[in-house]
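Dear colleague,

Please find the structure below.

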Amino acid sequence: MTRPSRKPKSPPDGLTTVVVLRLYVAGGAPNSMQAIANLEAICAEHLSGGHKLEIIDVLEDPLRAMGDGVLVTPSLTKLSPQPAAQVVGNLSDKARVLLALGLKPHGG
Amino acid sequence: MAANGHLPSPRATPGPMVLRRVINQLPEGGPERQAIEAGEIDAVLDHANSNVILFPAARRAIRVAHSSPSPPAPHAAPDTPVANSVLAALTSAEYRELLPGLEPVALRFGEVLHEPGAPIRYVYFPIDCTICLLSPTHHQRMVETGLVGFEGMVGISLALGVDVSSVRAQVQCAGAALRMPAARFQPAFRSCLSLQRELYRYAYVKLAQSRQAVACVASHRIEQRLACWILMTSDRSRSSVVALQQDHLSTILGVRRASVTLASLALRSRKLISARRGETTILNRAGLESASCACYKRVEALHST
């Protein structure tokens, strides 16, 4: 459930190794809550604070999600560093998420 | 995350046809389709109509979370997202610890979750479904000895150190639940004091309910027991409409089908309930409570102990 983003986004200004993530969720729906918890656990273990995560509720801001080309939720997009990548689903497949983030299972 | 609760579309809830159409527009064999098949998706975005379409289980979970009549426990996070009383009683940090092991599932009517004598593979935290617990009697017959809804957990014996079910757990009203593999539940239970407290309290309630049920069967008329059962099912599914098949009721109450029909007719003639196509609707709740035996209020009072 991983594939390169069809619309690569530009990294933030300046050189940085901070991983920039955007997670699209549907309110308090079960898969969305699970995706948040799974992602937070992965970030805590592998990114140790070196990341920026924005959570967007498509029930509150559907137009933004559509503008970003989101098709389903939960949906995680890695914006930076390049290459951009996307994972859909509740992020319970940790290996798949790490692959999308460009991390190795036991790497940091 | 911003507060949720209202859907962006001013239109009526899209039906299954619309959902199917939007899913069909997703790339065939793509990650979105795979995630949908795996049950990991809550909503699809309909770009053509600028609409967000929730899957039924997600819609139910959000609706239930916002219409839950019971206030959260004082120590629970105010934004506790789970409409299951056991999980809602946990602190936000405890709940997040459990979340990676919890999987949302949609349970179908009649689905068997546990069998007597078989190992428990999953525990279930119902959200808006009800599960009846059936005990074997003779000649492969079963009689209902318990009912579990959003207030509890299916598989309580695991919390008491027994990994085999003593009952058949069968879905009575279809709906959403969160489930956790037994192998993950056991260490989580050992390490979470709030979960231990809640489940020990719940085990006490189930024990007291079982005692009350024995007294009920021995003392009360079928009409009273039927009224009691309808009320309890309605409470646990948070709906005044409950699925009721007379064959199934006969099993649940442990009486002949003709007796169930007579009891149902008596309640219908007093305009306390209406019944059609396997569904029973409560028309007069106060009247139905009066028609029920005292066991209903005693059992429900146990939940506030």
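In this predicted model, 33 residues of chain B are in contact with 34 residues of chain A. On the chain B side, the elements that give two or more residues to the contact are helix H2 (31-37), strand S1 (43-46), strand S2 (51-54) and helix H3 (56-67). By residue class, that side of chain B divides into 24 nonpolar, five polar and four charged residues.

S1(B) also takes part in strand pairing across the two chains: strand S4 of chain A (residues 72-73) pairs with S1(B) in the antiparallel sense, over two bridges. Within these strands, Ala43(B) in S1(B) has Thr73(A) standing opposite.

The other item is a sheet in chain B. This sheet is open and is formed by three strands in the order S3-S9-S5, with antiparallel pairing. Strand S3 (103-107) and strand S5 (122-126) of chain B are the edge strands, each pairing on one side only. On average, neighbouring strands of the sheet are turned by 40° against each other, direction ignored.

For the pairing of S5(B) with strand S9 of chain B (residues 175-181), there are five bridges, again in the antiparallel sense. Here Met180(B) in S9(B) stands opposite Val123(B). Helix H7 of chain B (residues 182-191) packs on this sheet and touches S5 and S9 of chain B. The direction of H7(B) makes about 75° with that of S9(B).

Regards

Methods. Residues numbered from 1 in each chain as written. Chains lettered and ligands numbered in written order. Predicted model: local features only at pLDDT ≥ 70, side-chain atom pairs only at ≥ 80, totals over all residues. Contact = placed C-beta atoms within 7 Å. Helix = DSSP H or I, 4+ residues; strand = E, 2+ residues; numbered from the N terminus. Nonpolar A, V, L, I, M, F, W, Y, C, P; charged D, E, K, R; others polar. Pairing = 2+ DSSP bridges. Axes fitted to C-alpha atoms, helices over the stretch in contact; angles between N-to-C directions.
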